[in-house]
Amino acid sequence: MAKPAKSGTVAAKSSAAKSGSTATRRRAAPAKKAEPAFAEAGDDNFALRSLQEAHGNEKRYKASDEELLEFYEQMLLIRRFEERAGQLYGLGLIGGFCHLYIGQEAVAVGLQSALDSTKDSVITGYRDHGHMLAYGIDPKVIMAELTGRHSGISRGKGGSMHMFSVDHRFYGGHGIVGAQVSLGAGLAFAHKYREDGGVALAYFGDGAANQGQVYESFNMASLWKLPIIFVIENNGYAMGTAVKRGSAETEFYRRGTAFRIPGMDVNGMDVLEVRQAAEIALDYVRQGNGPVLMELNTYRYRGHSMSDPAKYRTREEVQEVREKSDPIEGAKKELLARGISEDKLKDIDKRIRAAVSESADFAENSPEPDASELYTDVLVERY
Amino acid sequence: MAIELKMPALSPTMEEGKLAKWLVKEGDTVQSGDILAEIETDKATMEFEAVDEGTVGKIVVAEGTDGVKVGTVIALIEGEGEASPAPAASKSEEKPAAEPKAEAKPAEAEAPKKAETGTAQLASEAKPAANPEVPRGTNMKIATVREALRDAMAEEMRRDDRVFVMGEEVAEYQGAYKVTQGLLEEFGPKRVIDTPITEYGFAGIGTGAAMGGLRPVVEFMTFNFAMQAIDHIINSAAKTNYMSGGQMRCPVVFRGPNGAAARVGAQHSQNYGPWYASVPGLVVIAPYDASDAKGLLKAAIRSEDPVVFLENELVYGRSFELPELDDHVLPIGKARTVREGKDVTIVSYSIGVGLALEAAEQLAGEGIDVEVIDLRTLRPLDTDAILTSLKKTNRLVVAEEGFPVCSIASEVIAVCMEKGFDDLDAPVLRVCNEDVPLPYAANLEKAALIDVPKIVAAVKQVTYR
């Protein structure tokens with residue numbers, strides 16, 4: 001049996017093998033070391049790898065204890081929230097599709113912590129609960145949307161895959177794989193058109209990365225220097241299809257090269273690496289250089305959606321990632337090593353459990369939408 | 001023997017054009033491939049190229065001449081050592097000496113075998129009755145639908161700086177069908193944006209920009225190409241407001257020509273009206289005359305909802321009265337009675353309206369008084385207007401340039417059955433194109449497309465005449 005792609009990918013990419021290859025590349029251009037020197041497009045191919053080199057030079061964000069605690073708390077909230085959503089699904093309170101974010105928490109938390117919430121915008125696909133929580137949206141209205149209740153963020157009419165918060169500049173929540181990439185380029189277009197200084201962040205998976213419109217969007221985003229970061233969350237599987245079974249080029253961060261978009265290969269299981277990479281990418285994009293493509297190597301512990309045969313990978317593979325690379329355990333270890341007390345972490349855990357329970361109670365006890373809501377919001381205006 | 005150069009047809013529908021400029025003068029020698037002249041129509045300008053070599057003997061039509069009919073002799077080319085004969089003396093049977101650079105075939109003036117496009121039967125001289133929505137006494141000018149659409153966009157762009165136009169060839173080329181002519185000059189490249197050939201991608205970018213607060217007008221060179229982008233029109237634009245519980249809007253306009261064009265074959269000839277009109281969350285507009293085109297496009301750009309705005313290439317060049325108002329905005333969702341009558345109603349939209357009016361004129365001569373309703377908006381459908389007219393005439397025919405199955409006609413018939421049954425004195429009939437992909441061969445194209453005689457026959461059938 002061939003070894004499943006991901007265990008190889010995560011282990012290799014986030015540890016020794018990867019840093020080895022980075023080192024090789026760094027040797028090739030020794031002069032450009034410390035500063036993220038953003039080369040002009042004319043400077044042959046340096047611009048395409050300059051961000052990766054900058055990231056290689058300074059891998060981890062120097063978080064204060066408070067910041068790391070905050071990341072830990074946010075990741076834990078996503079984990080506990082998703083676990084509870086899975087339980088509610090099992091009880092029949094949530095229906096249809098429900099794509100859990102468990103295992104990928106560091107990606108949304110690390111990236112979104114670097115955004116300027118007053119002007120940047122975010123868009124993602126159907127695995128969206130985690131991104132919403134990372135953006136500080138109230139867990140109650142998210143959970144109530146999952147249960148299809150009137151107090152849900154989309155008044156119960158969107159469900160798991162279709163949640164939006166224009167107030168938070170969170171533009172969904174899109175169910176058609178890859179659509180959010182073009183839409184995200186449109187958000188970036190709007191930032192540039194209005195000259196508001198905002199950057200759009202468009203998340204998509206390794207599966208979506210094979211959709212044609214992604215490359216149409218890469219082309220226009222680069223041609224027009226749109227302020228956008230394309231974030232590929234490579235969790236190893238497009239539904240049940242391992243990356244290597246579906247992708248000719250499995251190093252997704254290279255896929256912008258044909259469009260002159262610099263790529264970054266990032267360990268998505270370490271929130272501080274994600275945050276540091278985000279800083280580099282944002283800095284580049286805010287300077288008006290056009291898009292960046294980030295590949296975040298991560299892992300999904302649960303099934304693609306709720307009914308997943310789990311035949312396409314081994315239990316051992318999942319267990320290995322859990323034990324060796326879990327982003328929350330990693331952050332916890334680091335906090336303890338920094339001298340944060342176990343009690344303090346337990347308090348956080350308790351607080352999160354309470355908040356998640358509250359959201360579940362709220363979601364179970366809120367009424368369903370009024371029957372009249374069936375006909376509302378089809379069109380905005382009356383004709 | 002001198003070779004006659006004849007006015008070429010730049011497109012299958014071109015009947016005349018302007019001889020914009022001569023690039024040679026009498027006495028010049030020309031080689032095969034030399035550019036002889038520039039010829040202009042309302043759609044395009046193109047170069048006219050020599051096929052044979054020789055000397056320019058006589059320029060028959062001076063530059064700057066408008067309305068030169070296709071096939072008219074415009075110059076004579078002499079072979080070596082020939083004297084220049086009078087043009088009248090020449091009875092050339094040779095093929096024309098020059099060919100346009102484009103793919104269009106040069107037409108021969110008296111050529112008996114010239115293939116008539118089937119879309120010739122979609123032409124109409126009949127004009128709609130005055131629109132009561134336009135205040136009485138308003139000054140009217142004559143304008144083409146193309147100009148009306150351009151003016152609508154320009155006015156809305158002046159009014160609201162969130163409005164921008166994007167699409168293939170909308171800027172520097174001035175629009176594949178010249179609908180965006182002059183916009184780049186006035187508004188600059190920030191607001192008039194040439195996209196690569198990438199419909200799915202730019203439809204998504206336009207939709208995303210609307211979600212992000214702008215007012216995009218996304219042009220498809222034709223709606224046939226929007227098939228590559230239909231996911232964003234339907235899944236991203238139409239459904240977002242509902243899925244977000246009214247939180248996130250998507251005020252985008254998708255516009256461009258729709259329906260059959262002349263001799264372009266099956267992949268470039270389809271009416272997508274019924275497709276889009278079946279989707280809740282979209283507004284679908286398909287105007288006929290210049291006044292409606294302008295007033296409804298302005299309304300579409302202002303709408304908070306996503307709008308599919310279906311134009312028609314064959315109608316772009318038609319001239320109509322256009323009200324000279326500062327702000328001519330018409331209501332979306334309202335049909336218009338373009339001819340009043342009492343015996344029978346023809347419901348139509350877009351290019352079908354001209355045919356319905358032609359049929360009505362013919363039938364008036366036979367003592368049948370026809371009312372013609374132009375739906376203008378396909379979604380939301382103005383069922384009240386249909387039923388009110390049905391109540392008055394008790395007989396109804398739907399005329400639609402498009403496939404018959406699951407058509408707007410089907411929908412109108414369903415509405416008449418469900419809500420107008422007691423008013424019906426005859427079954428409602430539909431007159432559409434044949435239920436086949438549009439063929440290229442001229443005779444088959446003619447047979448496939450709707451025409452006036454078919455409408456007349458259906459009206460006679462429902463009036464038992």
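Which residue just after helix 8 of chain A takes a positive phi?

Author: The residue is Glu195(A), which follows directly after helix 8 of chain A and has a positive phi of about 55°. Before going further, please keep in mind that this is a predicted model. As background, most residues other than glycine have a negative phi, and most peptide bonds are trans.

Let us turn to the helix itself. Helix 8 of chain A runs over residues 179-194, 16 residues in total, and its first and last C-alpha atoms are 23 Å apart, which is close to the 22 Å expected at 1.5 Å a residue. Of these 16 residues, 15 are buried, so helix 8 of chain A is largely enclosed by the rest of the structure.

The contact between the two chains takes 33 residues from chain A and 38 residues from chain B. On the side of chain A that touches chain B, the elements giving two or more residues are helix 8 and helix 9 (212-223) of chain A, and the largest share, 10 residues, comes from helix 8 of chain A. When the residues on that side of chain A are sorted by kind, they divide into 16 nonpolar, 12 polar and 5 charged.

The secondary structure of chain A comes to 14 helices and 8 strands, and of its 383 residues, 55% count as buried. Among the contacts in chain A with a separation of 6 or more, 77% are accounted for by residues 24 or more positions apart.

A strand residue gives an example of such surroundings. Ile232(A) lies in strand 4 (residues 228-234) of chain A, and Ile232(A) counts as buried because 28 other C-beta atoms lie within 10 Å. Beyond its neighbours within four places in sequence, Ile232(A) is in contact with several residues, among them Phe204(A), Phe252(A) and Leu296(A). The C-alpha atoms of Ile232(A) and Val107(A) are separated by 10.0 Å, although these residues are 125 residues apart along the chain.

In chain A, the peptide bond from Gly172(A) to Gly173(A) is cis, with omega near 15°, and Gly173(A) is found in strand 2 (residues 170-173) of chain A. In chain B, Gln174(B) has a positive phi, near 75°, and this residue counts as buried because it has 20 C-beta neighbours inside 10 Å. Cys406(B) also has a positive phi, near 55°, but Cys406(B) is exposed, with 11 other C-beta atoms within 10 Å.

Definitions and conventions
Residues are numbered from 1 along each chain as its sequence is written. Chains are lettered from A and ligands numbered from 1 in the order in which they are written. This is a predicted model: local features need pLDDT of at least 70, side-chain atom pairs count only at pLDDT 80 or more; totals for chains, interfaces and linings use all residues. Helices (H or I, at least four residues) and strands (E, at least two) are DSSP runs, numbered from the N terminus. The expected span of a helix is 1.5 Å times one less than its number of residues. A residue is buried if 20 or more other C-beta atoms lie within 10 Å of its own, exposed if 12 or fewer, and partly exposed in between; C-beta atoms are placed from the backbone. Two residues are in contact if their C-beta atoms, placed from the backbone, lie within 7 Å. Ala, Val, Leu, Ile, Met, Phe, Trp, Tyr, Cys and Pro count as nonpolar, Asp, Glu, Lys and Arg as charged, and the others, Gly among them, as polar.
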